[in-house]
Each structure stands twice: as structure tokens, then as C-alpha cells.
Amino acid sequence: MTVQSAAPLSALSLQSERPRDAPLVDALIDRAFGPGRFTKVSERVREFATFAPELSVCAWQAGRLLGCARMWRVRVGGKPITFLGPFAVEQDERSAGFGARLIDRACQTARAVGETHVLLVGDAAYFARIGFVRVTAGQVVLPGPVDPRRILVRALDPRAGDLAGSVQAA
Ligand SMILES: CC(C)(COP(=O)(O)OP(=O)(O)OC[C@H]1O[C@@H](n2cnc3c(N)ncnc32)[C@H](O)[C@@H]1OP(=O)(O)O)[C@@H](O)C(=O)NCCC(=O)NCCS
């Protein structure tokens, strides 16, 4: 179902996350995921990953935070890469393309500073439309159980090669 958005795509302002944005971003993430998010394997990654606010994106419209995509630095098999999440759009603003815009901006920003891959755990049904593919089964090892079909990657540099190994601290 397509929901009518209150904010036109053109009115959206995409900006890096600033320290003062953190409480609003945290509240949006809490509303979108609820307390169950802390059990996810992505949270285990974020316990050792290095937060990258300059790569994280906030979507604003008239001073209201509509969405966010946080980015982190990790290593996979020794290779430095970025890990994306949480990623959320306010319920009343979904299905207007804001999510895809957020992910695109996060990937563009990462590519501009020389990052080679964006890794995430999510639904292929959503992320395949915006450039993510499944990693080969068993090739990327996360710090906990996860459906391997949910481990997705977007290569930012076609020469960077595949990812292989455990996800570890940057
Ligand atoms: C996922 C999310 C950020 C997408 O934001 P959005 O602004 O609605 O995204 P877009 O407008 O780019 O895409 C919307 C489309 O994706 C679909 N979609 C959303 N989540 C999906 C999922 N998990 N699997 C498959 N399709 C999904 C929507 O149904 C919608 O389809 P439509 O265009 O036919 O209506 C938003 O639904 C959200 O915040 N969900 C709760 C938190 C969450 O699940 N985050 C992702 C964790 S990996």
C-alpha cells in the first residue's frame, strides 16, 4: 500500500548526524523497533564497532526528524568497511521514498571518503531494490546467530572485491 506522505521528497534535507541530534535519533529508533532491537545481532556488532556520525544520515523536514541511517566502522577479514543500522523512517512518513534516499546518501557519503563496502543485516526484499546483494553463505561471520539470507552488502567500489571473514572492531 502506498501511504500519502506529509513531506514531499523535494522538501527533505539530508544531513550528517550531529551530537545534538542523538536524543531525537535514539527516540525515533526506539519507536521504530521497540525494545526487541537490543537482542539483534546488529546490536552485538555495534557494541564493538566505531560509530561514524559523519557518515550517518538524518532526514529533516521543517525541523522534524523523519528518518535516520546510522553508520559504523568495522573490519571484515581485516578489511575496513562500514556497517549500516539502525535505519528507520517515522511511521507516518513511510513509503514515500525517504528510506531509499537515506540509504543512497549514506552510501554516497561513504564512497566519497574511500569506503569500499556497506554491510547490513536486513530484509533482502527491501534492500535488493537499492543495490544490496546477499553475501555468499558462510563468507561473513557475525557475532551471533543470524539468518544468512539477511546478511547483505553493497559494494561502493567495483574493484574492492568480495568480503570474507569475521566482523570485528575497526
Ligand atoms: C524500512 C523503512 C526504513 C523503509 O522506509 P521507507 O521510507 O518507507 O522506505 P521507501 O519509501 O524507500 O520504501 C518503501 C517500500 O518498501 C517496502 N518495505 C518496507 N520495509 C520492508 C521490508 N522489511 N521488506 C520488504 N519491503 C519493505 C514498503 O512496503 C514500501 O513499499 P511500497 O512502496 O510498495 O509501499 C521503514 O519501513 C521503517 O522504518 N521500518 C521499521 C524499521 C525497520 O524495519 N528498519 C529496517 C531494518 S533492517
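I take a nonpolar core to be a set of buried Ala, Val, Leu, Ile, Met, Phe, Trp, Tyr and Cys residues joined through C-beta atoms within 7 Å. Buried means that 20 or more other C-beta atoms lie within 10 Å of a residue's own, with C-beta atoms placed from the backbone.

This is a predicted model, where local features need pLDDT of at least 70, side-chain atom pairs count only at pLDDT 80 or more, and totals for chains, interfaces and linings use all residues. Residues are numbered from 1 along each chain as its sequence is written.

**Core.** I looked up the largest nonpolar core and found 43 residues. Ala69, Ala106 and Leu119 touch the most other members. Strand S4 (64–76) supplies the largest share, 7 residues.

I then checked Ala69. Beyond its neighbours within four places in sequence, Ala69 is in contact (C-beta atoms within 7 Å) with residues including Leu84, Phe87, Leu102 and Ala106.

**Helix H3.** The buried residues of H3 include Phe98, Leu102, Ile103 and Ala106. They pack against strand S1 (13–16), S3, S4, S5, S6 and S9. Just after H3, Gly114 takes a positive phi of about 90°.

**Ligand.** I counted 18 residues around the ligand (C-beta atom within 6 Å). Arg94, Gly99, Ala100, Gly122 and Asp123 are the closest. Helix H3 (98–112) is among the elements that give two or more residues to this shell.

Terms used. Helix = DSSP H or I, 4+ residues; strand = E, 2+ residues; numbered from the N terminus. Buried ≥ 20, exposed ≤ 12 C-beta atoms within 10 Å, placed from the backbone. Contact = placed C-beta atoms within 7 Å.
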